Amino acid sequence: MNKIILGLYFAMLPCISMAEISKGLEIMQEVKQRNSGWSDVTADLEMVLTNNNGNEHRRKLAMKILEIKNDGDKSLSVFNNPRDIKGTAFLSFTHALDADEQWLYLPALKRVKRISSSNKSGPFLGSEIAFEDLSSFELEKYKYTYLRDELLDGLDCFVIENAPQYEFSGYTRTIVWVDKVRYIPIKIDYYDRKNTLLKTQTFNDYQQFLGQYWRAGIMTMKNHVTGKSTQLLLHNYKFRNGLTARQFDKNSLKRSR
Amino acid sequence: MRVCRLKLCIFHTLFLFLGFIYSSITNAWEISGYVGLESLAFIEKPLYKEQHQHYISGVIEAELYHEWDNGTQSFAFVPYFRGSQHDSQRTHFDVRELTWLKAADTWELRLGIRKVFWGVTESNHLVDVINQRDTVENSDGEDKLGQPMINFAFIQDWGTVDLFILPWFRERTFAGEEGRLRPEPAVSGDLSEYDKSGYQRQVAYAIRWAHSMGDWDMGLSHFYGTSRDPIFLLKGAESGAVNLIPYYQNINQTGLDIQATLDSLLLKWEATIRVSESETAFATTAGFEYTFFNIMSSGIDIGLLSEYLYDSRGSTAATLMQNDFFVGARLALNDIQDSQLLAGVMVDRFSGAQFYNIEASRRFFDSFKFEVEARFFNGAIQTAPAYFLRQDSHFRMELSYHF
């Protein structure tokens, strides 16, 4: 009898996890769906890098992103601060599972360099944010498992585990808390290759644009291993500026500011 | 009374004008740049009595930038000045950029003085022929003089075609009598000779097609006009002295550059065919760069580079690189200070002569940058051009403030 129950239990396991997987995917599909159709956006970013002693370093950059249907987005970032890298610009064509295409513009040499996009897990501008944390969210990039519902800071959330399917990720999994009402991330825990909790990202000061799209004004990334943290402050969000692929080519990279 | 009113009027106008300049500079004009202090220290005693062991210099480069018309038009002015102790030829002013730009959907037009970079390899820049090199600025050959040009870029799905008219030839800069890193006698830049005159000497033309397809970035270019690379003639003067004179030839040069980006591996290839009155020469640089990213989750990247350099002109070429191997390593800490190190060695395949190059840089206090470069020359044989540099191994340090 016990054996039969045990057998049934094991037989049911995959069914339960199948349900959790499909629920996880459905929730993330809704996240993606609600955040589609914004066309393009520009914003100013300020990064505040804080080390263990509380010393702060600031970085400033301007960013524009072009939404690409059925593929990863195109983005162009121009650094303004620190001043020795002023004018350095970064062009990225992201893809769901294929390697991203990336170019760097070095203003002192007027040189455009095609660079490897294998550096997913490395730090962006010496911060606690990895390159992969900034890349555009595409459904194919992860396998999803719905874990539970949970109340976070008074918000009713879905808790979902994401397992990266793309190459060179620094994470085994991330756990995301998704607001049940607005379908936006509130918090993400990142687990490193050894499956220990590496970083926690929190999203604050959400604002709604065009009556639909929610964007965080403050994102904080706390590294639990080093104790360092990085705060991203986002200002001047502007949607639907009429940007086209032409503003995201190597010619535009060379004259970007 | 009338004079008084006129004065008042002038004063008023001046005041308004200054006000306008002030407001436009603070509102729409951007100023940035750097000032630096450099120490150039040679390890060995100089070969020639006019030369020195140590040189101090100061540098300033500023950029004044303005854009309007929703960013589709812009103006940039970049003056540059280095003042050097001892070597008067190294004290020089240059307009690196003075350009008006107009960008439209399918084209871009640039008028004025600019720098242009073509190519993909690291140890040598074969296809990069638009600008004259500023060789007194740094012996690494990465610095360039501003080149006046009309540049029209035609932008299509199948790539970008750039057309250039380059209406003024600029002569290369050379170290003076008191400078190091020079042959004996020092190059007499003021006695330069040409195989063409008039328009043919002054005006050059160039066309380049560049495109990206998936993992591949490629460019095909052609240049017609006076070569930026002179050959050198030894000529006796009436006084009995011997002069080393740059001789600039008219050339047709076709260049090809290709890079394949395969995950962490970059494959790079440049090749040129260059036809002058005296010869047809083939040159190529080919190699790879492989990077180990974020080693042990430390954030540190280590890149390994290797390139082979060939020039059919052999040792008669006015280049130090005719049949050489380059190997190097790049270290990036990716820390807040952006600490970087590049170390490499170029080895001549036949003579075994070596040229070592180490460059390191680090930012501090957010606005300052410190750079150290070490260059060592070893084992050049007597007949090689590099023989002149046998006692010129040196350290270069520069501290700069960026605004």
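Biologist: Where in chain B does Ile43(B) lie?

Modeller: Ile43(B) is in the loop between strand E1 (29-42) and strand E2 (54-68) of chain B; strands are DSSP runs of at least two residues, numbered from the N terminus. This is a predicted model, where local features need pLDDT of at least 70, side-chain atom pairs count only at pLDDT 80 or more, and totals for chains, interfaces and linings use all residues. Residues are numbered from 1 along each chain, chains are lettered from A and ligands numbered from 1 as written, and side-chain values use heavy atoms, without hydrogens and water.

Biologist: Why does Ile43(B) count as partly exposed?

Modeller: Buried means under 20% relative accessible area, exposed over 50%, and partly exposed in between (1.4 Å probe, protein chains only). Ile43(B) has 45% relative accessibility, so it counts as partly exposed. With 34%, Phe395(B) is partly exposed too.

Biologist: What makes the pair of Phe376(B) and Phe395(B) edge-to-face?

Modeller: Rings of Phe, Tyr and Trp (its six-membered ring) pair if their centres lie within 6.5 Å; planes under 30 degrees apart are stacked, over 60 edge-to-face, the rest tilted. Here the centres are 5.7 Å apart and the planes at 80°, so the pair is edge-to-face. The two residues are 19 apart, with Phe376(B) in strand E20 (residues 368-378) and Phe395(B) in strand E21 of chain B.

Biologist: How do you know that Lys23(A) sits over the ring of Tyr146(A)?

Modeller: The rule wants NZ of Lys or CZ of Arg within 6 Å of the ring centre and within 35 degrees of the ring normal. The charged end of Lys23(A) is 3.8 Å from the centre of the Tyr146(A) ring.

Key. Helix = DSSP H or I, 4+ residues; strand = E, 2+ residues; numbered from the N terminus.
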